[in-house]
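Please find below a colleague's note on the structure shown here. The points are numbered so that each can be read beside the structure.

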Amino acid sequence: MAAAPPLRLRWRFVQPDRIDVSDDRAQARTPHAADALIEVRGLRTVLGGKVIFDGLELDIPRGRITAVMGPSGTGKTTLLRHITGQLRPDAGSIRIDGADVTALPRHALFALREKIGYLFQNSALLTDFSVFENVAFPLRQHLDLPEELVRNLVLTKLQAVGLRGAAELMPSELSGGMARRVALARAIVRDPTLILYDEPFVGLDPIALNQVLKLIRTLNDTLGITSILVAHEFAAVARVADLVYLIAGGKVVARGTPAELTRGDSAWTRQFFGGEADGPVPFQYPARDYAADLGFPAGAASSTPHTEPRP
Ligand SMILES: Nc1ncnc2c1ncn2[C@@H]1O[C@H](COP(=O)(O)OP(=O)(O)O)[C@@H](O)[C@H]1O
Ligand SMILES: [Mg+2]
């Protein structure tokens, strides 16, 4: 990418608590919303001798919320690290607005990262900094802005997540849900075009979960952001995601709207969305013969067959 993609901001300031997380989302879409902002092709990644991705292919539509789901350890965080260019794959390409992240020179990679907001797993707030300073951090780190502008930007984003009044609190004084919202304010403080949420629902009570869901939807729609949502809670994902990818065994095993995946009848969708304990992801980790492990002659415990590795 020779130059960073233009920032197309559509900031209509809306109180988050007046926005519905409604199912009737089609009307909120622009005619161009179906374009792919990100195209992943033939992605292959090997980490520590283990194949994480083996020909992964997916498209992330512009201006929408796309969920990436899958069993833990399947490579969801790794995929986000590929998208930000923190990790290069062994093969394949990741195009963002047409530019292949795997081939970008350093300066272009930095320009790209400035357009990406990242909500880390577990919020990752700086414990010695106030809420205000946590949100201001990305501005102070890279930009030399007048203090008054920093203050306006930070308070605007805190207002958007409903926490302007909490600006002077320390992270230790926040509930889990508030901390997640502060992390969200920090992720959007530089007006990203793309936001990556890594497990944003973990540990939230039902009220905080509703607030975070509403914010993800509101930020996506009012700022025209493209969102990638990594999560494993299907009930929550189904309430905000426009499109869902299920990845397992290094590949996409299912793709569709939440409603399509609920109706899906593959073994993968049944196990993952129906919560079955056994299926393509085996209950038993691959093991040696059970009888031999117990010290009996081979085959004596044949009622528990040797479990094959996942497909
Ligand atoms: N730097 C690394 N070196 C070796 N293995 C890694 C590294 N990073 C991640 N892994 C392994 O890659 C797999 C996928 O990790 P991750 O993307 O964090 O999974 P997920 O987010 O889906 O739970 C895991 O088995 C993890 O142990
Ligand atoms: Mg992860």
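1. Overall make-up. The structure under discussion is a predicted model. The protein has 10 helices and 10 strands. It counts 311 residues, and 34% of them are classed as buried. If one takes the contacts between residues at least 6 apart in sequence, 67% of these link residues at least 24 apart.

2. Strands in a sheet are held to one another by backbone hydrogen bonds, in a parallel or an antiparallel arrangement. One open sheet here has six strands, in the order β6-β7-β8-β3-β9-β10, and its pairing is mixed. Because β6 (116-119) and β10 are the edge strands, with a single partner strand each, one side of each has no neighbour in the sheet. From one strand to the next, the twist averages 20 degrees.

3. Strand β9 and its parallel partner. Is strand β9 mostly covered or mostly uncovered? Residues 243-248 make up this strand, and five of its six residues are buried, so that it is mostly covered by the rule that a buried residue has 20 or more other C-beta atoms within 10 Å of its own. On one side, β9 pairs with β3 (residues 65-69) in the parallel sense, over four bridges. Within this pairing, Met69 has Leu246 of β9 as its bridge partner.

4. Strand β9 and its antiparallel partner. Strand β10 (residues 251-256) runs antiparallel to β9, and five bridges join the two. Two of the facing pairs may be located by name: Ile247 stands opposite Val252 of β10, and Tyr245 has Arg255 of β10 as its bridge partner. The two strands form a hairpin with two residues between them, and Gly249 in the turn has a positive phi of about 60 degrees.

5. Strand β1 (residues 36-47) is joined to β4 (residues 91-96) by five bridges, the two strands running antiparallel. Here Arg44 has Ala91 of β4 as its bridge partner. With β2, strand β1 pairs in the antiparallel sense over nine bridges, and one bridge partner to look for is Val51 of β2, which belongs to Val46. β1 and β2 also form a hairpin with two residues between them; in the turn, Gly48 has a positive phi of about 55 degrees.

6. The nonpolar core. Which residues of the largest nonpolar core touch the most other members? They are Met69, Ala185, Leu196, Leu229 and Val237, in a core of 71 residues. Helix α5 (residues 176-188) supplies the largest share of this core, namely eight residues. Ala185, if residues up to four places away in sequence are set aside, touches Val135, Lys157, Leu158, Ala160, Val161 and Leu163. In helix α3 (residues 131-142), the buried residues are Val131, Phe132, Asn134, Val135 and Ala136. The cover over these buried residues of α3 includes α4 (147-160) and α5.

7. Asp54. This residue is found in strand β2. Asp54 counts as partly exposed because it has 17 C-beta neighbours inside 10 Å. Apart from neighbours within four places in sequence, Asp54 is in contact with Arg44, Gly250 and Lys251. Asp54 and Val252 lie 198 residues apart in sequence, yet their C-alpha atoms are 9.7 Å apart in space.

8. The surroundings of ligand 1. What surrounds ligand 1? The residues are Leu47, Gly48, Ile52, Gly70, Ser72, Gly73, Thr74, Gly75, Lys76, Thr77 and Thr78. Sorted by class, this shell has two nonpolar, eight polar and one charged residues. Helix α1 (residues 76-83) provides the largest share of the shell, three residues.

Methods. Residues numbered from 1 in each chain as written. Chains lettered and ligands numbered in written order. Predicted model: local features only at pLDDT ≥ 70, side-chain atom pairs only at ≥ 80, totals over all residues. Near = placed C-beta within 6 Å. Nonpolar A, V, L, I, M, F, W, Y, C, P; charged D, E, K, R; others polar. Buried ≥ 20, exposed ≤ 12 C-beta atoms within 10 Å, placed from the backbone. Pairing = 2+ DSSP bridges. Contact = placed C-beta atoms within 7 Å. Axes fitted to C-alpha atoms, helices over the stretch in contact; angles between N-to-C directions. Core = buried A, V, L, I, M, F, W, Y, C linked by C-beta atoms within 7 Å.
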